[in-house]
Amino acid sequence: MATKQFNTGVNTFESKIGGLTVRGQAHSLSAWFVLALRLMVGYAFLAAGWAKLTAAESFSAAGYLTNGVPKASPMLGMFHWMGTTPWFVDIVNVAVPWGELFIGLALIIGAFVRLAAFFGAFMMLMFYFGNWTVEHGIINGDFAYMLVFLAVAAFGAGHILGLDARIERYEVDGEPLVEKYPALQYILG
(Lines give C-alpha, C1' and ligand atoms only; values in the text may rest on other atoms or scores of the structure.)
Protein backbone atom coordinates (compact mmCIF):
# COMPACT_ATOMS: atom_id res chain seq x y z
CA MET A 1 0.00 0.00 0.00
CA ALA A 2 1.45 3.37 -1.01
CA THR A 3 1.59 6.13 1.54
CA LYS A 4 0.68 9.67 0.61
CA GLN A 5 3.65 12.00 0.50
CA PHE A 6 3.03 15.34 2.12
CA ASN A 7 4.16 18.50 0.44
CA THR A 8 6.68 20.29 2.63
CA GLY A 9 5.13 23.69 1.83
CA VAL A 10 3.80 26.25 4.25
CA ASN A 11 0.44 24.57 4.77
CA THR A 12 1.69 21.19 5.96
CA PHE A 13 2.31 20.24 9.54
CA GLU A 14 3.55 17.23 11.44
CA SER A 15 3.93 16.41 15.11
CA LYS A 16 5.51 13.49 16.92
CA ILE A 17 4.65 12.61 20.49
CA GLY A 18 6.11 9.41 21.81
CA GLY A 19 5.83 6.89 19.01
CA LEU A 20 2.81 8.53 17.39
CA THR A 21 3.16 10.85 14.40
CA VAL A 22 0.29 12.91 13.04
CA ARG A 23 0.41 14.81 9.77
CA GLY A 24 -1.94 17.24 8.19
CA GLN A 25 -2.31 19.66 5.38
CA ALA A 26 -4.25 22.86 5.98
CA HIS A 27 -6.27 24.65 3.35
CA SER A 28 -4.99 28.11 2.46
CA LEU A 29 -8.14 29.62 3.99
CA SER A 30 -7.11 28.17 7.37
CA ALA A 31 -5.09 31.30 8.14
CA TRP A 32 -8.29 33.36 8.03
CA PHE A 33 -10.04 31.00 10.43
CA VAL A 34 -7.09 31.01 12.83
CA LEU A 35 -7.11 34.81 12.69
CA ALA A 36 -10.87 34.82 13.31
CA LEU A 37 -10.44 32.55 16.35
CA ARG A 38 -7.68 34.79 17.73
CA LEU A 39 -9.74 37.94 17.29
CA MET A 40 -12.96 36.37 18.59
CA VAL A 41 -11.48 35.02 21.80
CA GLY A 42 -9.40 38.19 22.17
CA TYR A 43 -12.50 40.36 21.95
CA ALA A 44 -14.43 38.11 24.37
CA PHE A 45 -11.66 38.34 26.97
CA LEU A 46 -11.02 42.06 26.45
CA ALA A 47 -14.74 42.80 26.87
CA ALA A 48 -15.03 40.57 29.97
CA GLY A 49 -12.03 42.21 31.63
CA TRP A 50 -13.20 45.72 30.72
CA ALA A 51 -16.68 45.02 32.10
CA LYS A 52 -15.24 43.85 35.42
CA LEU A 53 -12.86 46.80 35.69
CA THR A 54 -15.47 49.44 34.86
CA ALA A 55 -18.44 47.97 36.77
CA ALA A 56 -20.12 50.14 39.40
CA GLU A 57 -19.13 47.64 42.09
CA SER A 58 -15.58 46.33 42.42
CA PHE A 59 -15.04 42.81 41.15
CA SER A 60 -14.76 40.24 43.93
CA ALA A 61 -14.33 36.52 43.42
CA ALA A 62 -14.73 35.61 47.11
CA GLY A 63 -18.46 34.89 47.01
CA TYR A 64 -18.19 32.76 43.91
CA LEU A 65 -15.18 30.82 45.18
CA THR A 66 -16.85 30.00 48.51
CA ASN A 67 -20.50 29.59 47.43
CA GLY A 68 -20.76 29.42 43.65
CA VAL A 69 -18.73 26.34 42.76
CA PRO A 70 -20.95 23.27 42.30
CA LYS A 71 -20.62 20.63 45.03
CA ALA A 72 -19.77 18.03 42.40
CA SER A 73 -16.63 19.88 41.24
CA PRO A 74 -13.54 17.74 41.78
CA MET A 75 -11.74 20.92 42.88
CA LEU A 76 -14.38 22.17 45.33
CA GLY A 77 -11.99 22.06 48.29
CA MET A 78 -9.33 24.07 46.47
CA PHE A 79 -11.83 26.72 45.37
CA HIS A 80 -13.17 26.97 48.93
CA TRP A 81 -9.63 27.43 50.25
CA MET A 82 -8.98 30.11 47.64
CA GLY A 83 -12.19 31.94 48.59
CA THR A 84 -11.49 31.85 52.32
CA THR A 85 -7.85 32.92 52.11
CA PRO A 86 -7.86 36.74 52.10
CA TRP A 87 -4.47 37.24 50.44
CA PHE A 88 -5.39 34.78 47.68
CA VAL A 89 -8.75 36.48 47.09
CA ASP A 90 -6.85 39.77 46.73
CA ILE A 91 -4.65 38.18 44.05
CA VAL A 92 -7.61 36.67 42.18
CA ASN A 93 -9.51 39.98 42.32
CA VAL A 94 -6.65 41.59 40.40
CA ALA A 95 -5.60 38.62 38.24
CA VAL A 96 -9.00 37.82 36.74
CA PRO A 97 -10.12 41.21 35.37
CA TRP A 98 -6.64 42.47 34.45
CA GLY A 99 -5.66 39.04 33.11
CA GLU A 100 -8.74 38.94 30.90
CA LEU A 101 -8.07 42.49 29.69
CA PHE A 102 -4.39 41.92 28.87
CA ILE A 103 -4.98 38.47 27.34
CA GLY A 104 -7.67 39.97 25.12
CA LEU A 105 -5.51 42.93 24.13
CA ALA A 106 -2.50 40.71 23.34
CA LEU A 107 -4.63 38.48 21.13
CA ILE A 108 -6.25 41.37 19.29
CA ILE A 109 -2.95 43.06 18.44
CA GLY A 110 -1.18 39.73 17.93
CA ALA A 111 1.66 40.30 20.38
CA PHE A 112 2.95 37.66 22.81
CA VAL A 113 0.14 35.43 21.55
CA ARG A 114 1.47 32.12 22.84
CA LEU A 115 2.00 33.54 26.33
CA ALA A 116 -1.46 35.12 26.33
CA ALA A 117 -3.04 31.93 24.98
CA PHE A 118 -1.34 29.84 27.67
CA PHE A 119 -2.75 32.03 30.44
CA GLY A 120 -6.13 32.16 28.70
CA ALA A 121 -6.21 28.36 28.51
CA PHE A 122 -5.21 28.17 32.18
CA MET A 123 -8.01 30.57 33.16
CA MET A 124 -10.51 28.54 31.13
CA LEU A 125 -9.33 25.34 32.80
CA MET A 126 -9.97 26.94 36.19
CA PHE A 127 -13.37 28.22 35.02
CA TYR A 128 -14.13 24.71 33.70
CA PHE A 129 -13.63 23.18 37.15
CA GLY A 130 -15.30 26.15 38.86
CA ASN A 131 -18.42 25.80 36.66
CA TRP A 132 -18.37 22.01 36.80
CA THR A 133 -21.49 20.41 35.41
CA VAL A 134 -21.57 17.09 33.63
CA GLU A 135 -25.29 16.62 32.99
CA HIS A 136 -24.63 17.00 29.26
CA GLY A 137 -21.16 15.42 29.22
CA ILE A 138 -17.76 16.64 30.28
CA ILE A 139 -17.36 19.08 27.37
CA ASN A 140 -18.82 22.53 27.91
CA GLY A 141 -18.16 26.09 26.70
CA ASP A 142 -15.26 26.63 29.11
CA PHE A 143 -13.55 23.49 27.82
CA ALA A 144 -14.17 24.56 24.20
CA TYR A 145 -12.67 28.01 24.86
CA MET A 146 -9.64 26.32 26.43
CA LEU A 147 -9.15 24.36 23.21
CA VAL A 148 -9.52 27.54 21.13
CA PHE A 149 -6.73 29.16 23.16
CA LEU A 150 -4.52 26.12 22.65
CA ALA A 151 -5.23 26.09 18.89
CA VAL A 152 -4.42 29.81 18.63
CA ALA A 153 -1.09 29.14 20.35
CA ALA A 154 -0.31 26.00 18.34
CA PHE A 155 -0.95 27.67 14.99
CA GLY A 156 1.22 30.69 15.80
CA ALA A 157 -1.72 33.04 15.30
CA GLY A 158 0.37 36.08 16.23
CA HIS A 159 2.10 35.77 12.86
CA ILE A 160 -1.17 36.31 11.02
CA LEU A 161 -1.71 40.07 10.79
CA GLY A 162 -0.15 40.41 14.24
CA LEU A 163 2.87 42.01 15.84
CA ASP A 164 4.63 38.78 16.83
CA ALA A 165 6.26 38.37 13.40
CA ARG A 166 7.72 41.88 13.67
CA ILE A 167 8.85 41.34 17.25
CA GLU A 168 10.61 38.10 16.27
CA ARG A 169 12.48 39.88 13.47
CA TYR A 170 13.60 42.76 15.71
CA GLU A 171 17.38 42.71 15.65
CA VAL A 172 19.60 42.64 18.73
CA ASP A 173 23.31 42.94 17.92
CA GLY A 174 22.50 42.29 14.26
CA GLU A 175 20.62 39.06 14.97
CA PRO A 176 16.83 38.52 14.93
CA LEU A 177 15.46 38.45 18.48
CA VAL A 178 14.06 34.92 18.31
CA GLU A 179 17.32 33.55 16.90
CA LYS A 180 19.35 35.23 19.65
CA TYR A 181 16.89 34.04 22.32
CA PRO A 182 15.22 30.85 20.98
CA ALA A 183 13.11 30.39 24.12
CA LEU A 184 11.04 33.38 22.97
CA GLN A 185 9.40 31.14 20.36
CA TYR A 186 7.32 29.74 23.23
CA ILE A 187 6.04 33.23 24.11
CA LEU A 188 5.70 34.83 20.69
CA GLY A 189 3.71 33.53 17.78
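Predicted model: local features only at pLDDT ≥ 70, side-chain atom pairs only at ≥ 80, totals over all residues.
Biologist: Got it. How do helix 3 and helix 5 lie to each other?

Modeller: Helix 3 covers residues 76-84 and helix 5 covers residues 113-130, and their axes are 10 Å apart. The angle between them is about 105°. That falls in the range from 65 to 115 degrees, so helix 3 and helix 5 are roughly perpendicular.

Biologist: Which residues of helix 5 make that contact?

Modeller: From helix 3, the contact uses Met78, Phe79 and Met82. Counting both helices, the contact residues are five nonpolar, one polar and no charged. On the helix 5 side, the partners are Met126, Phe129 and Gly130.

Biologist: How many residues in the contact of helix 3 with helix 4 are charged?

Modeller: Helix 3 brings Trp81, Met82, Gly83 and Thr84, while helix 4 brings Pro86, Trp87, Phe88 and Val89. Sort them and you get six nonpolar and two polar. The number of charged ones is therefore, going by the rule that Asp, Glu, Lys and Arg count as charged, none: the tally is no charged.

Biologist: Let's look at the surface. Which helix gives the largest share of the nonpolar patch?

Modeller: The patch is made of Leu53, Val94, Trp98, Phe102, Leu105, Ile109 and Leu163, with about 610 Å² of accessible area together. Leucine 53 belongs to helix 1, residues 30-54. The largest share, five residues, comes from residues 86-109, which is helix 4.

Biologist: Which residue meets lysine 52 in a salt bridge?

Modeller: The structure holds two salt bridges. In this one, the side chains are 3.0 Å apart, N to O. Lysine 52 sits in helix 1 and its partner in helix 4, 48 residues apart, linking distant parts of the chain. The partner is glutamate 100.

Terms used:
Residues numbered from 1 in each chain as written. Heavy atoms only, no water. Axes fitted to C-alpha atoms, helices over the stretch in contact; angles between N-to-C directions. Helix = DSSP H or I, 4+ residues; strand = E, 2+ residues; numbered from the N terminus. Parallel < 35°, antiparallel > 145°, perpendicular 65-115°, else oblique. Contact = heavy atoms within 4.5 Å. Patch = residues over 30% accessible without salt bridge, like charges linked within 9 Å, V, L, I, M, F, W, Y side chains within 5 Å. Areas by Shrake-Rupley, 256 points an atom, 1.4 Å probe, with all protein chains shown as cover. Salt bridge = Lys/Arg side-chain N within 4 Å of Asp/Glu carboxyl O.
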